[in-house]
Amino acid sequence: MADLTINQLNKDTKQNPAESSTHIATLVSHNDCIPETKSCFETLPNEILLYIASYLSLPEYLQAFFNLNQRFRSLAFEFISHARVSFNEDSLILNDYLPYIAHAVQAAHVDIQLVPNTFPATYSWSNLRSVILTDSIYFAATLNVQNSSVMHAIMSCLNVFQKCTPSSETNLELDNNQQTRTLLNMEPNLTIVRLTIDIWDEESLLCLCSITPNLASLRIFNLYSNDDDSSHSTIASHITSPTKLTELFIGNRGNFGIRLRSIQRLIECYRSSLEKLTLYIRAGKQKFYGQDLEALFRSCQCLKKFQFAIRYYDRHINMNKLVQQFLTDWWLHKDQPPVLVTYDLANEVFICSMPPFVNLNRQFLSDLLLWKINKKQVDEPNV
């Protein structure tokens, strides 16, 4: 019976998602659906109730059902244990329930402005394993707090970013000065395992990587370099080996240029552990050649997947010669993806691994004769 009801809910939701919530509310509130039954809703099995709960936010569920009876309170704990609980300005109502639900939370997503209210010392977070801290401007960090104090891990993370985050107010310039030595001598943060950061200079990023030895995933947008890069090798040498970073995404947005050398240095730090590498770059006048990309990817000893989409200005380039750069034995090997070379509507050169991981609609010239692919014989799903 439960499976039939779930299948019907799935069918109705797919056919008319805009009305799915209204339909569910009708199903669970119709007093005549089971004659001579005091509450149709309470007769539903737990599987259906949890399915319905998935359409509600946690604050909505707690407000509606937490104090109804012991059964619905137990379902709330099960719901919480399988969900990532988000604490933000839209979920302040959760603070009223924290004394009762904190022990059931296993994963939490928290805005750094709300940390003091969310993690007071009086609550027990005995089952908390993962915390995602977000800042609207600079970063999102995932902390593994399974073997450490929650507040200690959070304060340690915030301390790292307070000292490492580039700031126009402090004019942070990392070279061989006291500021650099202070950062490199910081106690390593062992709880940070995933990072997404925006608008960072290379020196700050390398310092950050040197004090986060358990970092497994890094997404960096708008990486830029100072004119003086003499200290980069020194800072990079502080990144301990063996490294644990397996996923790396490097991208940029807007008018932020990015140097090929900056990408090379960062990849060199993690070439022994990287398994997935993604480049999504608008390079301006910085040109990316086939041999440069081949050298980047070949240097990664454990790489299982790579993908890239790169744009740059070059009005005088010969497209046929550009395609020839991707005709080496390495690029033509069956394990490497096909490569598309063309122009976009802004007359920028566009180089992309296939199948594309970015949306190609309405961005490129419609004349397919201007779309060059390095592999003439390729499987249809890859192109």
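Contact is taken here as heavy atoms within 4.5 Å. By this criterion, phenylalanine 161 touches Phe139, Ala141, Ile192, Leu195, Ile197, Trp200 and Leu208, with residues up to four places away in sequence not counted. The model is predicted, so that local features need pLDDT of at least 70 and side-chain atom pairs count only at pLDDT 80 or more, while totals for chains, interfaces and linings use all residues. Residues are numbered from 1 along each chain as its sequence is written, and side-chain values use heavy atoms, with hydrogens and water left out.

Phe161 is among the residues with the most contacts inside the largest nonpolar core, as are Leu133, Leu279, Leu293 and Phe308; this core has 98 residues. A nonpolar core is a set of buried Ala, Val, Leu, Ile, Met, Phe, Trp, Tyr and Cys residues joined through side-chain atoms within 4.5 Å. Buried means under 20% relative accessible area, exposed over 50%, and partly exposed in between (1.4 Å probe, protein chains only). Helix α8 (residues 150–164) supplies the largest share of the core, seven residues; helices (H or I, at least four residues) and strands (E, at least two) are DSSP runs numbered from the N terminus. Apart from this core lies another, of eight residues, including Leu340, Met354, Val358 and Ile373.

Strand β7 (residues 247–251) is mostly covered, four of its five residues being buried. Strands pair if DSSP finds at least two bridges between them. Five bridges join β7 to strand β6 (residues 217–224), and the two run parallel; serine 217 stands opposite glutamate 247 of β7. Five bridges also join β7 to strand β8 (residues 276–282), again in parallel, with tyrosine 280 of β8 as the bridge partner of glycine 251.

The whole structure contains 22 aromatic pairs. Rings of Phe, Tyr and Trp (its six-membered ring) pair if their centres lie within 6.5 Å; planes under 30 degrees apart count as stacked, over 60 as edge-to-face and the rest as tilted. Tyrosine 61 and phenylalanine 65 form a tilted pair, 5.1 Å centre to centre with 55° between the planes. Both lie in helix α4 (residues 58–65), four residues apart, about one turn of the helix. Tyrosine 61 is buried, at 4% relative accessible area, and phenylalanine 65 counts as buried at 16%. Phenylalanine 306 and tryptophan 331 form an edge-to-face pair, 6.2 Å centre to centre with 75° between the planes. This pair links distant parts of the chain, strand β9 (residues 305–312) and helix α15 (residues 329–332).
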